[in-house]
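I opened this notebook to record what I looked up, entry by entry.

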Amino acid sequence: MSDAAATLTQDRQRLELSALSAPAVIFTVAMIAFPVVYTIWLGFQSFSSTGQQSFAGLANYAKLASDYEFWHGLWVTIALYVLSLFLQLVFGVWLALVLFHAKRLPGIVRSMFISPFMMPPVVAGMMWLVILDPSLGAANYILQSLGLPPSEWLASPTWVIPTVALIDSWQWTPYVALIVLGGLQSLPPSVYEAAQIDGASPFKTFQRITLPLLLPTIVTAAILRSVDLLRFFDIIYITTQGGPGNASNTLNIYGFRVGFEFFNIGYASALMLTLTAIVFGAVLAFNRLRGAVAW
Amino acid sequence: MTDAPTTDRWIRHLNLLQLVLAGIIIMTPTVWMVLSSLKPSFEVTAYPPTLVFSPTLENYVELMKTTPFVSYAVNSLIVTIGSTSLGLLFGIPAAFAVSWTRISWPAILTLAARMAPGTLFLLPWYVMFRQVGMIGSYTALILSHAVITLPIVIWVLMPSFDGIPRSVFEAAQVDGCSVTRILWRIALPLVGSGVAVAAILAFVFSWNYFLFALVLSNGDSKTLIAAAFNFIGEGSTQWGALMAAATLIALPPLILAALVQRWLVSGLTLGAVKG
Amino acid sequence: MNARMFAARVALPVLAVVAVSAQASAADFDWKKFQGKTVTFLANNNPVSQALLSYKADFEKLTGITLKVDGYQEQQMRQRLVTVMNARSDEVDVFMTLPSREGEQFAVSGWYADLSAMSKNEAATDYDLAGLSQALLKAGTFSGKLTSMPMNIEGPILYYRTDILKKCGVEKPATIKDVEAAAQKIKACDSTITPFVSRGLKPAVAYTFSNMLHNIGGSYMANGKSNLCSPKGKETLDTYSRLLRDYGPPGVVNYSFQQISALYRSGRAAMSFESSNELRTVMDGGERLKDTGLAPFPAGEAGQVPTAIGWGMAVSAYSKQPSAAWYFVQWATSPEIQKRMALQGIAPPRPAVANDPEYRKWIDAEPVRKEWQAALDVLATKGSSEVGYPIVANPQSREFIGQAVQDLILKQKTVDQACADADKELDALIAQK
C-alpha cells in the first residue's frame with residue numbers, strides 16, 4: 001500500500017468515525033443549545049410584577065447576592081448533598097461487599113436488591129410520604145411499638161434533611177453498590193491471595209488493599225450521584241415542596257418555585273443557570289480527583 | 001489463629017445476616033406499598049396501620065374505572081420505546097466512535113444536558129416545539145426523553161466496545177471492511193449484553209421521568225407518571241387508588257430489572273469503572 | 001355584536017313576554033354557531049371540574065364543539081399554564097383560575113381575555129348573569145375587566161365531632177376563644193384524639209389564616225404597609241399557631257387538605273378547619289356522616305367574616321377563538337349546569353340555585369348537608385375573598401404569612417420577631433412594582 005493510499009484510507013476512516021458520532025452530537029446540540037441560549041437571555045430579563053418585560057442586565061444576578069433564600073438554598077443543597085453522598089457511598093460499599101461474598105444468590109433475590117433505583121422517584125416519594133406521615137404513617141407506629149419516641153420526619157425542620165437524605169439513600173444506595181460490585185469483580189484475585197498468605201485479617205485486607213484499589217470506582221460513583229444530588233428535586237417536589245418553612249428548599253426547588261409558582265421567569269432563569277454552573281464545577285473537580293486516585 | 005474452617009463459617013453466617021438485614025431494609029417500603037394498594041381505600045391511612053386485612057382489588061378496579069389508566073400506559077410505552085430506540089440509534093455508533101478514537105468530548109457533551117436542572121428546559125422546549133407545532137405530539141416527548149436515554153446508552157456501551165481487542169478490528173480492516181461495517185457486523189454482536197443493559201436502563205429512566213411530560217404533553221399524550229399526580233387532589237385524595245397506581249407504574253421497571261439483573265452488574269459497572 | 005342584536009335578544013323577549021315564551025327565546029340563541037370547532041380546557045383536577053366534566057358529552061352534543069380536556073392537579077396545572085402563557089401559546093382556550101390568588105397577577109400580565117362584553121352580548125337568554133354571586137364576580141374583576149366566571153363557592157369551615165364534644169362536655173364553639181377552650185378540654189378528656197387541626201403547610205396557611213384574621217378584625221395592610229405586627233395581626237398569628245402547636249397533630253407544618261381530611265375522616269381529630277370542598281372526602285366510607293357538625297369558623301371580635309372564594313373559568317388572552325371558548329364558559333356556568341353540579345355537592349355560586357327545590361331536596365336528605373349549606377350561605381353573604389395580601393404578588397405574600405405561622409408553630413421565633421420579619425419581607429413585596 002502506498003503512503004498516499006494509506007492517508008486516503010485514514011482520512012476516509014476519520015470521516016466515517018465522525019459520521020458515526022455526528023447524529024448524537026447534532027441531536028444533543030439541537031436539543032440543548034436553544035434552551036441554554038434562551039435561558040441565558042431570560043436571565044437578563046426582568047419580569048416585573050406588573051407584567052412588563054424589560055432588559056435588566058445583570059440585575060437578576062446581583063439580586064442573587066443579596067437574596068437570603070438563595071444562600072439558604074445553597075446551604076440546604078450542600079448539606080443534603082454531603083449527607084446523602086456520604087450515606088450512599090458508605091452503605092453502597094458495604095452492600096457491594098455483602099453481595100460480593102454472597103456468590104450464589106438466586107436471580108430474583110438479586111433483582112430485589114437493585115429494585116429501589118428502578119422505581120420511579122415519583123412513586124418512591126409518594127410511598128414514603130404515606131409511610132412517614134407523623135400521625136397516620138407506619139414508620140412512627142413501628143418506632144412506638146419498639147418503645148422508641150416517634151419522629152416528625154418530613155415535618156420537622158431539624159429532621160427533614162436527614163429524612164430526605166434517607167429516602168434518597170434508600171433509592172440510590174443499591175445503584176452505588178452495583179457500581180462498586182463491578183469494581184470488586186474486576187480486581188485481580190491475586191491481590192487477595194497475597195494478602196491471605198500474609199495472614200492479614202479480613203478487615204485489614206479491606207482497609208489496606210481493597211479500598212485503595214476501589215477508590216477510582218468509588219469516585220466514579222460519587223460523580224454520577226453528584227450530578228443528581230446537586231440538582232435534588234423529585235423527592236422534595238413530591239414530599240415537602242421545600243418545607244417545613246424553607247428547611248428543605250434546595251436551589252433547584254427554589255428556582256422552580258420562583259418561576260412556576262411566583263411567575264418570575266427571569267430570576268428563575270438566573271437561579272437555574274447558577275445551579276448548572278455549580279454542578280458543572282463539581283463534576284470538573286471530581287474528574288481531577290479521579291485522575292489523582294487512578295491506579 | 002483460630003481454626004480456619006470455623007472462621008470461614010462464621011464469616012459466611014455473618015454475611016448472610018447482613019444480607020438479610022439489607023434485604024429487609026430495601027424491600028419493606030415496597031412491600032408496604034403493595035399491601036396498601038390491596039387495602040380498602042380508607043384503611044390505607046388507618047391508625048394503627050392494619051396488618052391483617054382482607055385483600056381487595058377494589059383500588060385497582062376504581063383506578064381503571066375512574067382514569068384512562070390504560071391509555072396513559074400506552075402513551076408511556078410509546079414515548080419510552082420511541083426514546084429508547086432513538087437513544088440506541090444515535091448512541092451505539094457514537095459510543096463505538098468514541099471508543100475507537102478515544103476522543104471523548106461527544107460523550108461528555110451528551111452528558112452535559114444532565115447537569116442542568118430539568119426545569120431549565122421546560123419553557124424553552126415548549127417555545128421550540130410550539131414553533132414547529134409539535135406540542136402534545138409523541139414526537140416532542142420522544143425527542144425530549146431521548147436527551148435522557150442517549151447519554152445512558154453511550155456511557156454504558158463505550159466500555160463494552162473498549163473491551164473488544166483491537167486486533168479483531170484490525171483483521172477486519174485488512175479484509176477491507178469499512179468502519180461502519182465493522183461496527184454493525186463485528187463489534188455490535190460482541191456487545192449484546194451491553195446493548196441489552198443500555199436498552200433496559202434507558203427504558204427505565206425514560207419511563208420514570210415526569211417533568212417534561214407535564215409541559216410537552218397534553219390531555220391525549222400524557223404519560224403515566226405525569227398523570228400520577230392527579231390522585232392527590234383537593235376533595236378527591238384516594239390513598240388506596242394512589243398506592244394501586246404507584247404499584248402498577250413501578251411494575252414495568254421492576255420486571256425489567258429482574259430480567260436483566262444478571263448482566264446489569266457487568267454492563268453498568270464497566271461503564272462506571274472505565275468511564 | 002351590535003346594539004340592535006342585543007336588543008333583539010334581551011330586550012325584545014321582555015317586551016313581548018305575552019306572545020313569546022321564554023322557551024322560544026332560549027331557542028333563538030344559536031348554540032351551534034361554533035359547530036365543528038375544538039376548544040381546549042386546562043382543568044384543575046378537583047371535585048368542581050370533575051362534576052362539570054361529567055356532563056362533557058352534553059356540551060358537545062348541544063354545541064357540536066369538541067371539548068379537549070387537559071386535567072392536572074393544581075400545582076401541575078399552574079406549571080403548565082405558566083409555560084403556555086409565557087410562550088403566548090394559543091394551545092389553551094379556557095382555563096381554571098383562582099382570582100383570589102393569581103387574579104391580579106394574571107390580569108396585569110395580560111393572560112385573561114376580557115369577558116365583560118361577551119358575558120352581556122353573547123350570552124344565552126337564560127344565562128342570568130345577574131344571578132351569579134356579585135361578590136365573586138367582583139373578585140374576578142380587575143381594572144374594570146371581568147376576567148373569569150365563578151364556578152363554585154367555597155371556603156374553610158369548621159368540621160367538628162358532635163359525639164366527642166358531648167363526651168367531653170363541650171358546647172359547640174361560638175367564638176374563637178371557645179375553640180381554644182374546647183381544644184383544651186378535649187385534650188384533657190381524650191388524649192388519643194387530636195383536638196384541632198388546620199392548615200400548617202407554608203403556602204396553604206393563608207387560606208384558613210385569613211378567615212381567622214378577618215374574624216379577629218385584623219387586616220393585612222394599613223396605609224400601604226404590611227400590618228401583621230398590629231395588635232390584631234399579632235393576636236391572630238399567636239392564636240392560629242398556638243391552636244396548631246398545642247392542639248394540632250405532630251408534623252402539622254406539612255399539613256394541607258390531604259392530611260387534614262385523612263386525619264379527620266379516620267376519626268382521629270375532634271375539630272378540623274378545612275375547605276367546604278372536602279365534604280365528600282371526609283364523608284368517604286360513611287363513618288363521619290352521623291357524628292359531624294359543620295359551621296363557619298366561630299366569631300372573633302369582628303364577628304364572622306369567613307373566607308369565601310371560588311374557582312373561576314377564564315378565557316385565555318391568546319386563544320384564537322375566544323367566542324367559541326366563551327360558549328363553553330357560559331355553558332359551564334349556566335344556571336342549569338350549576339344546578340346539576342350542585343346535586344353532586346359543588347356549592348353553587350348562584351343564590352337562586354341554592355334555593356332550587358330539587359337541590360333543597362338533596363340538601364335535606366342528610367343533616368350534614370343541611371349544615372354544610374347553612375355554612376355556605378353565611379360564606380356567600382358575609383364572606384371576604386381576601387386570601388393573603390391584596391397585591392399583584394399575592395402568591396408570594398402567602399409564603400411569608402405561612403413562614404411566620406410556621407416559625408411560631410415550631411417555636412423558632414417569638415410573635416414579635418415573626419411578625420416583624422414577615423412585615424419586612426412583605427413591605428418589600430408591596431413596594432415591588
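Predicted model: local features only at pLDDT ≥ 70, side-chain atom pairs only at ≥ 80, totals over all residues.

Entry, Asn223(C). I then located the residue: Asn223(C) sits in the loop that runs between strand S9 (221–222) and strand S10 (225–226) of chain C. Its phi is positive, about 50°, although Asn223(C) is not a glycine. I wrote this down because most residues other than glycine have a negative phi.

Entry, Arg102(B). I found a positive phi here too, about 65°, and Arg102(B) is not a glycine. Arg102(B) lies in the loop between helix H3 (69–101) and helix H4 (105–112) of chain B. I looked up its surroundings and found 7 C-beta neighbours inside 10 Å, so Arg102(B) counts as exposed.

Entry, domains of chain C. I asked where the domain bounds of chain C fall. Domain 1 takes in 34–153 + 309–375, and domain 2 takes in 156–308 + 383–431. Over C-alpha atoms, I read 28 Å between the centres of domain 1 and domain 2 of chain C. For the contact between them, I noted 19 residues from domain 1 of chain C and 21 residues from domain 2 of chain C. On the domain 1 side, the elements giving two or more residues are helix H6 (99–108), helix H8 (134–139) and helix H19 (367–382) of chain C. H6(C) supplies the largest share of that side, six residues. By class, I recorded 10 nonpolar, four polar and five charged residues on the side of domain 1 of chain C that touches domain 2.

Entry, domains of chain A. Chain A is divided into domain 1 (3–43) and domain 2 (68–293). I read 34 Å between the centres of these two domains of chain A, taken over C-alpha atoms.

Entry, chains A and B. I looked up the contact between these chains and noted 78 residues from chain B and 71 residues from chain A. On the side of chain B that touches chain A, the largest share comes from helix H12 (residues 239–274) of chain B, with 19 residues. I sorted that side of chain B by class and recorded 58 nonpolar, 18 polar and two charged residues.

Notes: Residues numbered from 1 in each chain as written. Chains lettered and ligands numbered in written order. Domains from an automatic or database assignment. Contact = placed C-beta atoms within 7 Å. Helix = DSSP H or I, 4+ residues; strand = E, 2+ residues; numbered from the N terminus. Nonpolar A, V, L, I, M, F, W, Y, C, P; charged D, E, K, R; others polar. Buried ≥ 20, exposed ≤ 12 C-beta atoms within 10 Å, placed from the backbone.
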